[in-house]
Amino acid sequence: MIWDELQSELDALQAAGLRRKRRTLDLPCGPQARVDGRSLVSFCSNDYLGLANDPVLIEAACAGARNWGVGSGASHLVSGHLTPHATLEQKLAEFTGFARTLLFSTGYMANLGIVPALVGRKDAVFADRLNHASLIDAVQLSRADSQRYPHADLAALERLLAASSAGRKLILSDAVFSMDGNLAPLPGLLELAERFDAWLLIDDAHGFGVLGAQGRGTIAHFRLPAARRLLYMGTLGKAAGAAGAFVAGDATVIDWLEQRARTYIFTTAGSPATACALLASLELIAAGDERRSRLGQLIAQLRDGLAGTRWRLLPSPTAIQPVIIGDNHETLRIASALHERGLWVPAIRPPTVPGGTARLRVSLSASHSDEQLAQLVDALRDLA
Ligand SMILES: *Cc1c(COP(=O)(O)O)cnc(C)c1O
């Protein structure tokens, strides 16, 4: 029976220590979490600028709901595309410097829509091995030939491109890698895309709002131009503090995606109240140098604090700061010892990361206090 099969697979996950467990938080997203009545300082969220529970966004969402309602009522191409959505797309285009943008309900859906709309059976995708699951799934859905290159290895990518006789070629990469926090070599990727007449799609889920002048993202960080063959995907549920995603690019390409991206067409448009919150968020991001330098301070404080312990840090300039422990069981032990001390840091193990590199994935937010960070550093030094 299917139930027995599923139950025994669940039991196997449990036995292997791989069964995931949700925790219900009874406070809004922020550095101070409460789970089962227990207070914990959380280093888990992607709310890098502390905007998820910001009073300005909350007010914008409330006003947005009063003026535009809670639901959009239909998909964008039917009747769900309201003025706040249109304004948000326009503001995102101005902010990122691209000709046009298109909104999606989530980043996962954006990737699943973009890739199959651009490439198919006779085409090839060249993807970094450490790309996010949504990009991996998007390639499968497209049925294009999937070629994966070793992490950030431009020479290997160049060889694959040179040997390819595919029709269209699409290079896919996270801009900031979600388990390591490091940056993709974007200038080199763009140069290869130009040289081999390929498209380049960059997923900036963790860089948008955080990196580059005014938080314009990883492309701005590298001072790259809004090249025509470049597609930029940013998500709006992380640093932007709400929900959703967008893709920015050349007007013709975005026009095409509007006609062909199935996760754009066959789904209800996002809430107009969320779009209103995001318009406010975009202003806070643009004016957010203080939040970004605060985040930078916390990153430096953590890295300085852990220097000289036996645990390795990765060369991450971002809010994602993994502490490599190595052994799976030791990583779990450290995570639970931190938990005992009121600190919540996720333990990341294979297969999410390569064997022997189990880690604590510390996510910092501009809203963490010096004391909260010092508490984490002291606990980690003590446990090391
Ligand atoms: C979080 C994430 C996504 C998915 O975005 P959602 O809006 O949460 O669906 C896509 N790509 C990367 C690299 C991410 O980290």
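**Entry 1: helix 12 and its partners**

How close do the axes of helix 2 and helix 12 come, and at what angle do they cross? Before answering I noted for myself that this is a predicted model. I found that the axes of helix 2 (residues 55–68) and helix 12 come within 7 Å, with a crossing angle of roughly 145 degrees. The crossing of this pair is right-handed. From helix 2, the contact uses Val56, Leu57, Ala60, Ala61, Gly64, Ala65 and Trp68. Helix 12 answers with Pro272, Ala273, Cys276, Ala277, Ala280, Ser281 and Leu284.

I then turned to helix 4, which also meets helix 12. The axes of helix 4 and helix 12 (residues 272–286) come within 9 Å and cross at roughly 25 degrees. Angles under 35 degrees count as roughly parallel, and helix 4 and helix 12 are therefore roughly parallel to each other. I wrote down the handedness of their crossing as left-handed. On the helix 4 side I listed Pro84, His85, Thr87, Leu88, Lys91, Leu92 and Phe95. They meet Pro272, Ala275, Cys276, Leu278, Leu279, Leu282, Ile285 and Ala286 of helix 12.

**Entry 2: the aromatic rings**

How many aromatic pairs are there? With ring centres required to lie within 6.5 Å, I get a count of five aromatic pairs. I looked at Phe98 and Tyr232, whose ring centres are 6.3 Å apart and whose planes are at 10 degrees, so this pair is stacked. The pair links distant parts of the chain, 134 residues apart. Phe98 sits in the loop between helix 4 (83–96) and strand 3 (100–104), while Tyr232 belongs to strand 8 (residues 230–235).

Are these two residues buried or exposed? Phe98 has 7% relative accessibility and counts as buried. Tyr232 is buried too, with a relative accessible area of 1%.

Tyr232 also pairs with Phe246, and I noted this pair as tilted, with 6.0 Å from centre to centre and 50 degrees between the planes. Phe246 lies in strand 9 (residues 245–249), 14 residues from Tyr232. Phe246 is buried, as is Tyr232. I finished by marking one aromatic cluster, formed by Phe95, Phe98, Phe208, Tyr232 and Phe246.

**Entry 3: helix 8 and what follows it**

Which residues of helix 8 are buried? In helix 8 (residues 186–195) I found Leu186, Gly188, Leu189, Leu190, Leu192 and Ala193. They pack against strand 5 (145–149), helix 7 (154–163), strand 6 (169–174), strand 7 (199–203) and helix 9 (218–221).

Just after helix 8 I came to Asp197, in the loop between helix 8 and strand 7. Asp197 is not a glycine, yet its phi is positive, at about 50 degrees. With 57% relative accessibility, Asp197 counts as exposed.

**Entry 4: other backbone spots**

Asp36 is in the loop between strand 1 (32–35) and strand 2 (38–42). Its relative accessible area is 72%, so Asp36 is exposed.

A positive phi also turns up at Gly17, which follows helix 1 and has a value near 70 degrees. While there, I checked the length of helix 1 (residues 2–15). At 1.5 Å a residue, its 14 residues should span 20 Å, and the end C-alpha atoms are 20 Å apart, which agrees.

Which peptide bond is cis, with omega near 10 degrees? I traced it to the bond from Pro350 to Pro351. Pro351 is in the loop between strand 13 (347–348) and strand 14 (358–363).

**Entry 5: Leu383**

My last stop was Leu383, in helix 15 (residues 370–383). Its relative accessibility is 23%, so Leu383 counts as partly exposed. Leu383 and Thr309 are 74 residues apart in sequence, with 9.8 Å between their C-alpha atoms in space. Leaving aside neighbours within four places in sequence, I found Leu383 in contact with Arg310, Trp311, Ile334, Ala337, Leu338 and Arg341.

How values were computed:
Residues are numbered from 1 along each chain as its sequence is written. This is a predicted model: local features need pLDDT of at least 70, side-chain atom pairs count only at pLDDT 80 or more; totals for chains, interfaces and linings use all residues. Side-chain values use heavy atoms; hydrogens and water are left out. Helices (H or I, at least four residues) and strands (E, at least two) are DSSP runs, numbered from the N terminus. The expected span of a helix is 1.5 Å times one less than its number of residues. Rings of Phe, Tyr and Trp (its six-membered ring) pair if their centres lie within 6.5 Å; planes under 30 degrees apart count as stacked, over 60 as edge-to-face and the rest as tilted. Buried means under 20% relative accessible area, exposed over 50%, partly exposed in between (1.4 Å probe, protein chains only). Axes are lines fitted to C-alpha atoms, for helices over the stretch in contact, and angles run from 0 to 180 degrees between N-to-C directions. Angles under 35 degrees count as roughly parallel, over 145 as roughly antiparallel, 65 to 115 as roughly perpendicular and the rest as oblique. A crossing is left-handed if the near helix is turned anticlockwise from the far one by less than a right angle, and right-handed if clockwise. Contact means heavy atoms within 4.5 Å.
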